[in-house]
Amino acid sequence: MKAVLLLSYASLQSIDDVPAFYTHLFHGKKPPPEMMKAAMSRFRSIGTADPLGSVTSRLAAALEQRLSLYLNEEVRVYQAAKHTSPFVEETTRQIVAEGATRLYTFPMSPLYSRTGTAAYHLRVRKKLASLDTEIPVDEIDHWHLYPAVVQALGRRLRTALQWISAANRPKTTVLFTAHSQPGLPSANMEFIAAFREMAAAVAAEACWNHWRLAYRSAGSPPQKWLGPDVLEAIRDIAATEGKAVVVCDLLSLIENVEVVFDCRIHSHNEASSYGLEFAATEFLNDAADYVNALVGCIAERMS
């Protein structure tokens with residue numbers, strides 16, 4: 001039996017999971033009451049269950065069915081998260097107990113990073129070592145240029161650009177965003193290069209030349225983070241006589257509360273305050289073209 005492990009940041013199933021999630025983020029320390037109140041408010045404000053958890057669950061079910069049919073053999077797809085249950089270690093133990101003969105680990109963010117992709121793979125390897133198992137492991141990463149993924153993102157970027165009024169479209173800047181990474185650019189060269197490669201590929205797919213890179217969700221000083229911040233980039237566009245902004249995130253392809261606020265709500269408010277027209281691309285979530293893309297990407301690595 002082949003097993004695929006989908007790895008994501010979090011998978012909240014209930015609003016009651018939010019306090020434990022934030023406590024885990026703070027390395028076991030309970031956050032201040034005012035921070036916890038704001039977090040609960042953000043999760044409630046989107047009006048749905050946490051999409052990162054619900055969409056990833058649906059993707060796992062769809063991929064299990066499709067990969068088994070595509071490869072004509074048993075494939076089980078599991079999910080695990082960094083900051084919520086089921087944690088990476090829990091699911092890795094389950095995979096071993098259920099008799100997997102080969103494991104494929106698949107971080108759900110396409111851009112390789114030390115704190116994301118590499119950390120997920122390391123946790124799986126450590127847990128397998130503690131279980132004294134010799135299950136072969138294939139780490140699926142560096143899939144940011146997989147053609148079908150680029151095509152799906154390009155399709156959504158074209159849709160967002162078309163939504164901008166014809167009068168403002170010629171002076172529209174696309175801001176490709178990704179979660180900022182801790183450290184100076186010199187410590188994140190691989191991440192930055194992949195980010196730029198993916199942005200260029202998606203822009204070419206959408207036939208759009210006017211674009212920039214920006215970052216979101218940076219932590220607090222004095223820790224250094226990659227920039228410029230997306231809100232800073234929006235202000236710069238307004239200052240240089242731009243007319244519209246389209247934000248397209250390339251790290252979170254599945255909707256989540258953090259990226260909704262950073263790329264839609266806060267970015268929209270900032271653009272509006274400077275008189276810029278605004279649109280954000282839709283997330284890939286569990287749309288048919290994205291499911292097809294993931295089936296192809298994973299099956300290609302499996303074979």
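These legends go with a set of views of one predicted chain.

A quick note before the views: this is a predicted model, where local features need pLDDT of at least 70, side-chain atom pairs count only at pLDDT 80 or more, and totals for chains, interfaces and linings use all residues. Residues are numbered from 1 along each chain as its sequence is written, and side-chain values use heavy atoms, with hydrogens and water left out.

**View 1. The whole chain, for orientation.** The fold comes to ten helices and eight strands, taken as DSSP runs numbered from the N terminus (helices are H or I with at least four residues, strands are E with at least two). The C-alpha trace spans about 60 × 45 × 40 Å along its principal axes. Of the 303 residues, 48% count as buried, which means under 20% relative accessible area, with exposed being over 50% and partly exposed in between (1.4 Å probe, protein chains only). Take the contacts (heavy atoms within 4.5 Å) with a sequence separation of 6 or more: 77% of them come from residues 24 or more positions apart.

**View 2. The surface and its charges.** The accessible surface comes to about 14,100 Å², and 53% of that belongs to carbon and sulfur atoms. These areas come from the Shrake-Rupley method with a 1.4 Å probe; for residues, only the protein chains shown count as cover. There are 30 positive and 32 negative side chains, and the centres of the two sets lie 3 Å apart. Lys and Arg count as positive, Asp and Glu as negative, while His and the chain ends are not counted. Each charge is placed at NZ of Lys, CZ of Arg, CG of Asp or CD of Glu.

**View 3. Cysteines without a disulfide.** A disulfide is a covalent bond between the sulfur atoms of two cysteines. With the cut-off used here, a pair of cysteine sulfur atoms within 2.5 Å, the count is zero. Cys 248 has its nearest cysteine sulfur, that of Cys 263, 8.8 Å away. For Cys 297, the nearest cysteine sulfur is that of Cys 248, at 18 Å. Cys 248 counts as buried at 1% relative accessibility, and Cys 297 is buried with a relative accessible area of 1%.

**View 4. Arg 125 on helix α5.** Arg 125 is found in helix α5, residues 114-130. The side chain's residue is partly exposed, with a relative accessible area of 39%. Arg 125 and Thr 92 are 33 residues apart in sequence, yet 9.2 Å apart in space, C-alpha to C-alpha.

View 5. Most residues other than glycine have a negative phi, and most peptide bonds are trans. Here a cis peptide bond joins Pro 221 and Pro 222, with omega about 10°, and another joins Gly 227 and Pro 228, again with omega about 10°. Pro 222 lies in the loop between β6 (211-216) and α8 (230-239), and Pro 228 is found in the loop between β6 and α8 too.

View 6. Asn 72 has phi near 55° and sits in the loop between α3 (51-71) and β2 (75-81). At 71% relative accessibility, Asn 72 counts as exposed. His 142 has a positive phi of about 50°, in the loop between β4 (137-139) and α6 (147-163). His 142 is partly exposed, with a relative accessible area of 38%.
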